[in-house]
Amino acid sequence: PIYLKIPSNSLQSLHQQLPLNNQTATEHTLIMETLSQTVSTAIQSSDYTALTLVFTSQWQSLGQGEQRTLAAHFIKSAVASPTFFPNAFQSQTILSVITATLAHLPPIVEGAADN
């Protein structure tokens, strides 16, 4: 084990920063929830413009792991929708979103072995 000696004034400073870090984490969680909800709603309504916006500009602020999570959510939700893919293949706009999300999937997506 490695032990670090941290001066007490550093600990106090760190403690004062914790609420800010927690607030940032909460805001970050809210962003992910909002994007996930936007994706779900857009899939249900075949709103390709909203999906394109999410997967071209809005998700650029996310980390790689969060992009993978959102990509997996999109694919799983789109596959679960009985109308999304038949209509989506009629649109050039959504094909770029499908390609981008497939490229960002995590190594293992439950139930999606044939990516």
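Modeller: The chain contains 5 helices and 0 strands, where helices (H or I, at least four residues) and strands (E, at least two) are DSSP runs numbered from the N terminus. The model is predicted, so local features need pLDDT of at least 70 and side-chain atom pairs count only at pLDDT 80 or more, whereas totals for chains, interfaces and linings use all residues. Residues are numbered from 1 along each chain as its sequence is written, and side-chain values use heavy atoms, with hydrogens and water left out.

From the N terminus on, the elements run α-α-α-α-α. Of the 115 residues, 30% count as buried, that is, under 20% relative accessible area; exposed means over 50%, and partly exposed lies in between (1.4 Å probe, protein chains only). Among the contacts (heavy atoms within 4.5 Å) with a separation of 6 or more, 62% join residues 24 or more positions apart.

Helix 2 spans residues 48-56, and the loop between it and helix 1 (8-45) holds Ser-46. Phi of Ser-46 is near 55 degrees, a positive value in a residue that is not glycine. With a relative accessibility of 21%, Ser-46 counts as partly exposed.

Two packed helices are described by the angle between their axes and the distance between the axes. Here the axes are lines fitted to C-alpha atoms, for helices over the stretch in contact, and angles run from 0 to 180 degrees between N-to-C directions.

Consider helix 3 as a partner. Helix 2 and helix 3 pack at about 155 degrees, their axes 11 Å apart. The two are therefore roughly antiparallel; angles under 35 degrees count as roughly parallel, over 145 as roughly antiparallel, 65 to 115 as roughly perpendicular, and the rest as oblique. Their crossing is left-handed, a term used if the near helix is turned anticlockwise from the far one by less than a right angle, and right-handed if clockwise. Leu-51, Val-54 and Phe-55 of helix 2 meet Leu-70, Ala-71 and Phe-74 of helix 3. By class, this contact comprises 6 nonpolar, no polar and no charged residues; Ala, Val, Leu, Ile, Met, Phe, Trp, Tyr, Cys and Pro count as nonpolar, Asp, Glu, Lys and Arg as charged, and the others, Gly among them, as polar.

Helix 5 is another partner. Helix 2 and helix 5 pack at about 40 degrees, with axes 9 Å apart, which makes helix 2 oblique to helix 5. This crossing is also left-handed. Tyr-48, Leu-51, Thr-52 and Phe-55 of helix 2 make the contact with Thr-93, Ile-94, Val-97 and Thr-101 of helix 5. The residues of this contact divide into 5 nonpolar, 3 polar and no charged.

Thr-52, which lies in helix 2, counts as buried at 17% relative accessibility. Not counting residues up to four places away in sequence, Thr-52 touches Ser-57, Thr-93 and Val-97.

The two partners also meet each other. Helix 3 and helix 5 pack at about 125 degrees, with axes 8 Å apart, and are therefore oblique. Their crossing is left-handed. Ala-71, Phe-74 and Ile-75 of helix 3 make this contact with Val-97, Ile-98, Thr-101 and Leu-102 of helix 5; by class it has 6 nonpolar, 1 polar and no charged residues.

In soluble globular proteins, nonpolar side chains tend to be buried together. A nonpolar core is a set of buried Ala, Val, Leu, Ile, Met, Phe, Trp, Tyr and Cys residues joined through side-chain atoms within 4.5 Å. The largest such core has 25 residues, of which Val-39, Leu-51, Phe-55, Leu-70, Phe-74, Phe-84 and Ile-94 touch the most other members. Helix 1, helix 2, helix 3 (64-80), helix 4 (84-88) and helix 5 (92-103) each supply at least two residues, and helix 3 gives the most to this core, with 6. Leaving aside residues up to four places away in sequence, Val-39 touches Leu-51, Val-54, Phe-55, Leu-70, His-73 and Phe-74.
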